[in-house]
Amino acid sequence: MIVDERMVTYIHSLEMPDSKLLETIEQEALADHVPIIRKETQSFLKVLLQIQKPMRILEVGTAVGFSALLMNAYAPEGNRITTIEKYEKRIPIARENFRRAGKEEEITLIEGDALEVLKNLGGTYDLIFMDAAKGQYIHYLPEAIRLLEPGGLLVSDNVLQDGDVIESRFAVERRNRTIHSRMREYLYELKHNENLLTSIVPLGDGLALSVKQGEKNV
Ligand code: SAM
């Protein structure tokens, strides 16, 4: 945990409940140990959605559809979400959750490996939520920049790797070293890429908020 545990507990204690269905899906996901966005990240995302008002959203990493449903609920009426997932056990659960919420028309789930799917996507998005395999973010980035509308937001979750990212490579467990170096590379790129302006926020497990530079297409 990168933020003091008592602080997180206190912030959680202030959270207001969401719709009954979102609360139920969140509880089911947590009971099944499905990694979904944390409460404090949910609030941050909701505020961003209300500021940015994205009509076209792309999510990398659906899991069981919780964050897709949350984004759909807080983005403007008529928004459309495309979400990508490759884990065949989670795909039917996500589809069922979209059906329970009556959102099958608004949320499109694309099955497959994110990098392959991203390469084949066309059009542009107002917001991209990156929440899949952390070690792959650096490979997704060129596609995310291509797919992002100028002025659009790239939100990358879990970028501080439980605090490991600030440690020396040798202080990190051997099995986490590839992710460690790729995440450092990703954060460096987010901060130095001329197409992006990025803020790294120590929220949840670390969130990077990037805006694509350039004039919005009208
Ligand atoms: N965004 C979800 C939420 O908050 O409700 C949680 C997503 S979970 C942290 C990450 C998901 O990304 C997992 O379900 C995993 O199977 C999926 N994933 C990991 N690598 C992937 C890849 N290469 N292509 C597609 N999905 C991938």
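This is a predicted model: local features need pLDDT of at least 70, side-chain atom pairs count only at pLDDT 80 or more; totals for chains, interfaces and linings use all residues.
View 1. The volume of the second largest pocket is about 150 Å³.

**View 2. The largest pocket, where the ligand sits.** Here we turn to the pocket that holds the ligand. The largest pocket has a volume of about 780 Å³, and 36 residues line it, with Pro35, Arg90, Asp131, Ala132 and Asn158 the closest to its centre. At least two lining residues come from each of helix 2 (20-31), helix 3 (39-52), helix 4 (66-74), strand 2 (80-85) and helix 6 (114-120). The lining has 15 nonpolar, ten polar and eleven charged residues.

**View 3. The shell around the ligand.** Look for 20 residues surrounding the ligand, the closest being Gly61, Ser67, Glu85, Arg90 and Asp131. By class, this shell divides into ten nonpolar, four polar and six charged residues.

View 4. Glu85 places a polar side-chain atom 2.6 Å from an oxygen atom of the ligand, while a polar backbone atom of Ile37 is 2.9 Å from a ligand oxygen atom. At Tyr140, a polar side-chain atom lies 3.1 Å from a nitrogen atom of the ligand. On its own, the ligand has 600 Å² of accessible area, and the protein covers 91% of it.

Terms used
Residues are numbered from 1 along each chain as its sequence is written. Side-chain values use heavy atoms; hydrogens and water are left out. A residue is near a molecule or strand if one of its heavy atoms lies within 4 Å of it. A polar contact is a pair of N or O atoms within 3.5 Å; within protein, one must be able to donate a hydrogen and the other to accept it, and residues adjacent in sequence count only if both atoms are side-chain atoms. Accessible areas come from the Shrake-Rupley method with a 1.4 Å probe; for residues, only the protein chains shown count as cover. On a 1 Å grid over the protein atoms alone, a cavity is a set of points where a 1.4 Å probe fits but cannot get out, and a pocket is an open set with protein on both sides within 12 Å along at least five of seven lines; lining residues have an atom within 4 Å of a point. A molecule sits in a cavity or pocket if more than half of its atoms lie within 2 Å of its grid points. Ala, Val, Leu, Ile, Met, Phe, Trp, Tyr, Cys and Pro count as nonpolar, Asp, Glu, Lys and Arg as charged, and the others, Gly among them, as polar. Grid points are joined across faces, edges and corners, and a volume is the space filled by probe spheres set on the points. Helices (H or I, at least four residues) and strands (E, at least two) are DSSP runs, numbered from the N terminus.
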